[in-house]
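This report covers one chain in outline, the contact between two chains, and two local features of the second chain. Please look at the sequence and the structure before reading on.

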Amino acid sequence: MLCDICKENEATVHLTQMVEGKTKKIDLCESCSKAKGVDDPTGFSLADLLLGLGASQEMEESGNTMGKCPKCGFSQTDFKKTGRLGCPDCYDHFTEGVESLLKSMHKGTRHVGKAPAVWQQTKVYVDRLHSLQSKLDKAVAKEDYEKAAQLRDEISRVKSEYSESTIS
Amino acid sequence: MNIQDILSKPEDASGREGPSNKIVLSSRVRLARNLATTPFPGRAKKSVRVETFKHIRDNVMGVDPMRDAFHTGMEDLSTLDKQLLVERHFISREHAAKTAGSGMALSGDETLCVMINEEDHLRMQALLPGLQVDKAWMAIDQFDTALESNLDYAFCKRRGYLTACPTNLGTGIRVSAMLHLPGLVLSEQINQIIQAVNKLGLAVRGLHGEGTEALGNIFQVSNQMTLGETESDIVERLNKVLLQIIDHEENARGKLLENKAKMVYNHIGRAYGILANSHSISSKETMNLLSLFRLGIDLSLFPCNKPALTEELFIITQPAHLQKTRAGKLSAEKRDILRANLLRSRLLKVDRPATPDMRKTEENDE
């Protein structure tokens with residue numbers, strides 16, 4: 001069995017680790033395992049290693065079926081070459097490959113930080129709507145129809161307020 | 001245009017002080033932003049880049065702190081000017097290679113700097129002296145908010161701010177601090193520290209960021225992950241780690257003086273000797289020796305001098321700054337001679353390092 005990294009030497013270090021609930025295996029030769037710090041088990045994460053191997057492979061596989069970004073004509077090969085995407089729409093087009101890449105790169109795959117003010121308004125609106133909806137569901141479950149009617153009116157009021165604010 | 005007339009003088013730039021300045025030279029927060037409907041700069045045609053540059057520049061210049069800002073297209077800067085800006089940490093080395101269709105803007109007080117059409121449409125940074133990552137974040141956050149009302153940012157709820165490289169996705173934030181760590185280097189603990197910091201998901205790099213050497217015992221510590229965590233969490237985490245590194249550096253210095261004072265004084269004395277007496281010196285050697293000189297100042301071996309002096313010497317002995325004093329390109333050999341002349345004359349006014357009372361230390365060393 002050859003080393004997954006240099007693909008030259010015989011693999012003598014065989015690693016298995018659970019990453020995001022999936023079993024990942026990797027086989028390395030002695031020098032590559034040292035270079036990647038595998039001999040120090042506390043500091044080593046297979047995810048980091050797979051970042052260079054698995055992620056690009058996955059990108060490649062999904063890229064073959066997806067072709068080029070319809071917006072900017074960017075292809076999988078371009079990504080491999082530059083490590084950069086072509087335009088904001090590429091993120092939608094290469095979703096699958098990007099997703100696995102992000103998993104290995106970041107703390108999470110969902111943004112939790114700052115958002116432009118326009119989006120923050122939307123978030124407040126969506127959150128408010130969600131909480132009203134769940135209250136309505138509870139009221140209906142309890143057969144408290146008076147409360148439910150109030151909540152229904154409240155929901156339609158919030159909806160119309162929001163559509164007015166976005167038009168203006 | 002002479003870029004040197006626009007930038008602050010090296011003695012003023014090095015005189016800026018901030019908290020924990022002894023160890024933390026500067027703090028920086030940068031944000032990456034892109035426009036929603038334009039390809040990223042690496043993919044956009046030149047005509048599109050030129051157009052985007054103008055559009056972004058006009059909007060940047062309209063925001064309050066930038067009203068008196070200096071701005072320029074990259075094509076209007078000479079190679080030497082660009083290098084000078086790199087040496088001051090206002091633009092990246094990648095950006096220095098750009099021409100028409102890319103540019104920059106720098107606020108009057110030099111705390112805010114925007115690169116337009118680098119890897120992303122917008123790279124904005126707040127740069128403050130000492131340990132002030134939280135303040136730098138507040139400054140750049142405010143600037144970004146002011147800018148977003150007029151620019152249509154590429155943003156999606158799930159992935160946040162979209163960037164050319166997936167490593168910057170989400171918050172697009174890079175929080176970093178420049179640290180001077182001679183104690184950890186001399187006591188050979190630096191690798192341990194780097195490994196520990198890496199394990200926390202933070203990167204340790206050299207003077208000019210990615211892929212650069214740690215010259216002059218200066219290290220840049222920054223976050224790597226930008227998605228799945230809020231900006232303030234990232235800033236706070238880095239701040240905590242920085243405080244710990246400061247602690248370790250102070251301890252290392254204390255221990256060195258306790259156990260290996262001779263070794264430390266020897267290094268500092270020799271550094272002074274070479275800096276004050278050489279007739280040809282490379283910029284690399286200069287940086288490494290200035291680091292020891294600075295350590296000497298920190299340890300009160302040069303009682304009448306302040307760290308700002310080493311910072312100033314650090315700036316003016318770098319290749320572009322040096323060549324600017326002679327208004328033109330010089331060969332490496334000539335630069336080394338010029339650098340040595342400059343250092344000799346500046347160190348004429350600096351007395352030899354004091355020789356501390358060594359009786360106690362000599363006993364320890366034996």
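A residue counts as buried if 20 or more other C-beta atoms lie within 10 Å of its own, with the C-beta atoms placed from the backbone. The model discussed here is predicted.

In a regular strand the side chains alternate between the two faces of the sheet. In β10(B), one direction is taken by Ile218(B), Gln220(B) and Ser222(B), and the other by Phe219(B), Val221(B) and Asn223(B). Residues on both sides are buried. Because six of the six residues of this strand (residues 218–223) are buried, β10(B) is largely enclosed by the rest of the structure.

## Strand partners of β10

Strand β8 (residues 173–180) of chain B is joined to β10(B) by five bridges, and the two run antiparallel. Within this part of the chain, His180(B) has Ile218(B) of β10(B) as its bridge partner.

Strand β9 (residues 202–205) of chain B is also antiparallel to β10(B), with four bridges between them. Here Arg205(B) is bridged to Gln220(B) of β10(B). Both bridge partners named in β10(B), Ile218(B) and Gln220(B), belong to the set that points one way from the strand.

## Helices α11 and α12 of chain B

Two packed helices are described by the angle between their axes and the distance between the axes. For helix α11 (residues 283–298) and helix α12 (residues 307–316) of chain B, the axes come within 9 Å and cross at roughly 170 degrees. Angles over 145 degrees count as roughly antiparallel, so α11(B) is roughly antiparallel to α12(B).

On the α11(B) side, the contact is made by Met287(B), Leu290(B), Phe293(B), Arg294(B), Ile297(B) and Asp298(B). Helix α12(B) contributes Pro307(B), Thr310(B), Leu313(B) and Phe314(B). Sorted by class, the residues of this contact are seven nonpolar, one polar and two charged.

Chain A contains eight helices and two strands. Read from the N terminus, its elements follow the order β-β-α-α-α-α-α-α-α-α. Of its 168 residues, 24% are buried. Among contacts in chain A with a separation of 6 or more, 35% are between residues 24 or more positions apart.

The contact between the chains takes 28 residues from chain A and 32 residues from chain B. On the chain B side, 13 of these are nonpolar, ten polar and nine charged.

Key. Residues numbered from 1 in each chain as written. Chains lettered and ligands numbered in written order. Predicted model: local features only at pLDDT ≥ 70, side-chain atom pairs only at ≥ 80, totals over all residues. Axes fitted to C-alpha atoms, helices over the stretch in contact; angles between N-to-C directions. Parallel < 35°, antiparallel > 145°, perpendicular 65-115°, else oblique. Contact = placed C-beta atoms within 7 Å. Nonpolar A, V, L, I, M, F, W, Y, C, P; charged D, E, K, R; others polar. Buried ≥ 20, exposed ≤ 12 C-beta atoms within 10 Å, placed from the backbone. Pairing = 2+ DSSP bridges.
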